[in-house]
Amino acid sequence: MLRIAMETFAARGYGKASLAEIADRAGLTQAGVLHYFRSKANLLTEVLDLRDTTDIAGLGPERPRGLTFLQHLVDTARHNAEREGIVRLYAVLSAESVTDDHPAQDYFRNRYAGLRGFVTEALTEACDLGEVHEDVDVESAANAIVAVMDGLQVQWLLDPEAVDMAASTESVIKALVASLEAG
């Protein structure tokens, strides 16, 4: 049922996706869906949690450190090119979440803070390891990396033949790292 809800939210957005459609596609009644998920907002939260659980499991017991984490981001972009539905879900819902009272607003606010935090921490580790200059504005660099990755996802969804998310992510990260390298 979560996969069906994920596909429906990705295709229609949260506001236009109906519990009736999700229930019908899952072979249930609306009451049956609500028995498991109490509300449409709760179903959305469960879908987003499934996405995160799947992605976090792929990291293994520890996340990569320093510049190795930035290579992990390139690998993530490559993996995302194989799962259009999840990328669409993320792009649609993250954009919708900026509207008043959207049920995923806190989720995306926290998710972006967490992503920026991971990238900031990796860049700080790279500074500590002497891989990049110590006086780097790691927070601005982290913001830029996250923004590039999200922007590439939208471009890829609109024209997958013209956009190679992994190659573009890698180019931007290499250019950024080159400008920050200690030496």
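This report describes the fold, surface and selected helices of a predicted model.

## Overall fold

The protein chain holds nine helices and zero strands. Its order along the sequence is α-α-α-α-α-α-α-α-α. Along the principal axes, the C-alpha atoms occupy a box of roughly 65 × 35 × 30 Å.

Of the chain's 183 residues, 39% are buried.

## Surface and charge

The protein chain has an accessible surface of about 9900 Å², and carbon and sulfur atoms contribute 52% of that area.

The chain carries 16 positive and 29 negative charges. The mean position of the positive charges and that of the negative charges are 7 Å apart.

## Helix H8

Helix H8 covers residues 138-158, which is 21 residues.

The buried residues of H8 are Val138, Ala141, Ala142, Ile145, Val146, Met149, Asp150, Leu152, Gln153, Trp156 and Leu157. Viewed down the helix axis, these buried residues fall within an arc of 165°, and therefore line one face of H8. The cover over them includes helix H5 (67-80), helix H6 (84-96), helix H7 (105-128) and helix H9 (165-180). On the face turned away from the buried side, H8 carries the exposed residues Glu139 and Leu158.

Helix H2 spans residues 19-26, and Leu19, Ile22 and Ala23 are buried in it. Down the axis of H2, the buried residues fall within an arc of 95°, so they line one face of the helix.

Gly27 follows H2. The phi angle of Gly27 is positive, near 75°.

## Gly85 in helix H6

Helix H6, which is part of the cover over the buried residues of H8, contains Gly85. The relative accessibility of Gly85 is 37%. Buried means under 20% and exposed means over 50%, so Gly85 counts as partly exposed.

Gly85 can also be placed relative to Phe9: the two residues are 76 positions apart in sequence, and their C-alpha atoms are 9.5 Å apart in space.

Note on methods
Residues are numbered from 1 along each chain as its sequence is written. This is a predicted model: local features need pLDDT of at least 70, side-chain atom pairs count only at pLDDT 80 or more; totals for chains, interfaces and linings use all residues. Side-chain values use heavy atoms; hydrogens and water are left out. Helices (H or I, at least four residues) and strands (E, at least two) are DSSP runs, numbered from the N terminus. Buried means under 20% relative accessible area, exposed over 50%, partly exposed in between (1.4 Å probe, protein chains only). Accessible areas come from the Shrake-Rupley method with a 1.4 Å probe; for residues, only the protein chains shown count as cover. Lys and Arg count as positive and Asp and Glu as negative; His and the chain ends are not counted. The place of a charge is taken as NZ of Lys, CZ of Arg, CG of Asp or CD of Glu. The expected span of a helix is 1.5 Å times one less than its number of residues. The arc is that of the directions from the helix axis to the C-beta atoms. Contact means heavy atoms within 4.5 Å.
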